[in-house]
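I opened my notebook for a friendly look through one structure. Here is what I looked up, entry by entry.

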Amino acid sequence: MKRILLCCGSGASSGFMANNAMAAAKARGMDISVQACSESEVEDYLDEVDLVMVGPHFQHRLEAIRDIADEYGVPVDLIDGNVYGSLDGKGLLEQALKSL
């Protein structure tokens, strides 16, 4: 199973995105877990995930999150703004698969 963590300011909007991505993975029969958290909680999950994806509105924190995730060997990617803005679970899944 691949585990993806979505991160934004409070975790609310990324929660909707996570649900849509999980539905897209399920529709494709993929064993992928997608969960959301706030930026302040990212480090709590790094020993349990394979990828961190950051909301585009949090781009200003991307390098700081990468610095923390590097210690755990976890890649960090910025979610495409169009994907995030439309809560496109399928698009997020495609982007995550490229990053994994």
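**Entry 1: a pair within helix H3**

I began with Arg66 and Glu63, which sit 3 residues apart in helix H3, so about one helical turn separates them. Before going on, I noted that this is a predicted model. The side chains of Arg66 and Glu63 form a salt bridge, with 2.9 Å from N to O. I then checked how open each partner is. Arg66 is partly exposed at 26% relative accessibility, and Glu63 is partly exposed at 48%.

**Entry 2: the other salt bridges I looked up**

How many salt bridges does the structure hold? I found 4. One of them joins Asp50 to Arg3, whose closest N and O atoms are 3.4 Å apart. Asp50 lies in the loop between H2 and strand E3 (51–54) and Arg3 lies in strand E1, so this pair ties together parts that are 47 residues apart in sequence. I wrote down 21% relative accessibility for Asp50, which counts as partly exposed. Arg3 also has an entry as partly exposed, at 31%.

Next I looked at Arg61 and Glu39, whose side chains meet in a salt bridge at 2.9 Å, N to O. This pair links distant parts of the chain, 22 residues apart: Arg61 is in the loop between E3 and H3, and Glu39 is in the loop between E2 and H2. Arg61 is partly exposed at 30% relative accessibility.

**Entry 3: strands E1 and E2**

I went back to Arg3 and asked which residue in E2 stands opposite Arg3. I found Ser33 there. Strand E1 (residues 2–8) and E2 run parallel, joined by 7 bridges. Is strand E2 largely enclosed or largely open? I counted 5 of the 7 residues of E2 (residues 32–38) as buried, so the strand is largely enclosed by the rest of the structure.

**Entry 4: a negative patch**

Helix H2 (42–45) and helix H3 (62–70) each supply at least two of the patch residues. I picked out Glu43, which is placed in helix H2. Glu43 is partly exposed, with a relative accessible area of 41%.

**Entry 5: Leu100**

My last stop was Leu100, in the segment after helix H5 (89–99). Its relative accessible area is 38%, so Leu100 is partly exposed. Leu100 and Leu51 are 49 residues apart in sequence, while their C-alpha atoms are 6.9 Å apart in space.

Notes:
Residues numbered from 1 in each chain as written. Predicted model: local features only at pLDDT ≥ 70, side-chain atom pairs only at ≥ 80, totals over all residues. Heavy atoms only, no water. Buried < 20%, exposed > 50% of the residue type's maximum accessible area, 1.4 Å probe, protein only. Helix = DSSP H or I, 4+ residues; strand = E, 2+ residues; numbered from the N terminus. Pairing = 2+ DSSP bridges.
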